Amino acid sequence: MENVITLHNESEYNEILQQAVAVIEAARGKAARAIVSTSNEMHWNVGKILYERKLESKHGDSVVKRLSADLKAAYPKLGMSVSNLWNMKRFYVRFHNSDPKLQQAVVVLPWGHLNLLITKFGENDSMIWYYANKTLEKAWSRDLLINAIKMEMHKHIPETNTSNNFTLTLSNENAAYANEVFKDTYCMGFLGVTEPLLELELERRLVEKIKQFLLELGQGFTYIGNQHILSYRGKEYKVDLLFFHRGLRSLVAFDLKIGAFQAEYVGKMNLYLSLLDRLEKGADENPSIGIILCAEKDNVEVELALDGFTKPIGVAEYQLIIPQKELKQLITDEINNFNRNISK
């Protein structure tokens with residue numbers, strides 16, 4: 001008879017489920033990027049043939065038209081139209097002498113995104129680099145990329161946040177993205193807190209309402225578990241809440257504090273991140289990120305406390321009381337729901 005593993009509680013199962021989801025999502029993302037990269041390698045090499053054969057739109061148009069017809073007959077689903085063949089040559093010509101980092105950024109972009117950037121920015125490497133990385137970080141559709149370009153998003157770079165050390169501990173593009181992902185203040189009015197809490201009770205309520213907490217954190221987070229155990233050399237350390245962010249490709253540890261920020265919290269978080277990077281970070285993942293979530297903080301004290309630490313750490317406040325505007329809306333929604341139920 002096979003051994004049957006009994007889970008102690010529902011949260012243990014949910015932790016297993018969320019870990020499996022994180023693995024699957026990571027694999028799906030890697031597979032999608034591999035498909036795009038392979039497709040663009042094909043575009044690159046076809047473009048290289050046209051370039052090396054010195055085919056130009058004026059003198060080689062008839063050759064490319066014939067090539068298009070033959071290739072479409074053989075490979076009807078590969079997009080071998082005349083215009084696309086010229087775009088492949090343009091792709092090769094534009095980037096074959098470019099910086100390798102720029103080549104690596106554009107080669108994994110969807111074909112439509114890539115051609116849009118070449119059309120919009122021509123020889124401007126820095127602009128293509130910026131929007132290529134933003135597209136990859138945020139998984140923008142082509143329409144979202146168009147809107148970002150129209151809004152001139154490159155002009156709206158956020159100011160340095162002194163509540164974290166991301167600019168010193170992460171690459172430039174990851175630091176900018178992390179500053180967009182993580183908030184300075186999180187609203188936890190959904191917990192329904194009416195009296196002071198202990199840290200474990202705050203954590204328990206967050207776990208119970210993890211879906212609402214994920215909504216407050218924003219897109220891209222996958223919940224792994226609470227009181228996540230890190231075992232090293234006979235000692236155990238517990239991370240209050242552990243997540244994975246798909247865009248940042250990083251584990252994210254949250255340490256919950258019921259009071260004001262204290263400088264010693266940074267050392268503890270630095271230890272957690274060192275253990276996560278050593279024990280659990282994947283080879284293709286970025287450094288783990290830590291967020292100390294406390295009732296209040298002084299930005300000057302936080303900046304001084306973070307000085308000298310090499311792991312990416314941020315400090316944020318939480319609000320347990322629902323803001324007046326949101327509270328009014330919540331009450332209105334509840335009244336409307338009540339009236340609808342009465343009328344049924």
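Start by selecting Asn165: this residue is buried, because its relative accessible area is 4%, and the cut-off for buried is under 20%. Keep in mind as you look around that this is a predicted model.

Asn165 sits in the loop between helix 7 and helix 8, the latter spanning 166–169.

Now show what surrounds the side chain. Leaving out residues up to four places away in sequence, Asn165 touches Leu306, Phe309, Lys311, Pro312 and Ile313. Which backbone oxygen lies 2.9 Å from a polar atom of the Asn165 side chain? Select Lys311 and you have it: the oxygen is the one on the Lys311 backbone. Then pick Phe309, whose backbone oxygen is 3.4 Å from a polar atom of that Asn165 side chain.

Next stop, a helix pair. Select residues 111–121 for helix 5 and residues 142–150 for helix 7; their axes come within 10 Å and cross at roughly 20°. Helix 5 therefore counts as roughly parallel to helix 7, since the limit for that label is under 35 degrees. The crossing of the two is right-handed.

On helix 5, pick Gly112, His113, Leu116, Leu117, Lys120 and Phe121. On helix 7, the partners are Arg142, Leu145, Ile146 and Ile149. Colour this contact by residue type and you get six nonpolar, two polar and two charged residues.

Conventions. Residues are numbered from 1 along each chain as its sequence is written. This is a predicted model: local features need pLDDT of at least 70, side-chain atom pairs count only at pLDDT 80 or more; totals for chains, interfaces and linings use all residues. Side-chain values use heavy atoms; hydrogens and water are left out. Axes are lines fitted to C-alpha atoms, for helices over the stretch in contact, and angles run from 0 to 180 degrees between N-to-C directions. Helices (H or I, at least four residues) and strands (E, at least two) are DSSP runs, numbered from the N terminus. Angles under 35 degrees count as roughly parallel, over 145 as roughly antiparallel, 65 to 115 as roughly perpendicular and the rest as oblique. A crossing is left-handed if the near helix is turned anticlockwise from the far one by less than a right angle, and right-handed if clockwise. Contact means heavy atoms within 4.5 Å. Ala, Val, Leu, Ile, Met, Phe, Trp, Tyr, Cys and Pro count as nonpolar, Asp, Glu, Lys and Arg as charged, and the others, Gly among them, as polar. Buried means under 20% relative accessible area, exposed over 50%, partly exposed in between (1.4 Å probe, protein chains only). A polar contact is a pair of N or O atoms within 3.5 Å; within protein, one must be able to donate a hydrogen and the other to accept it, and residues adjacent in sequence count only if both atoms are side-chain atoms.
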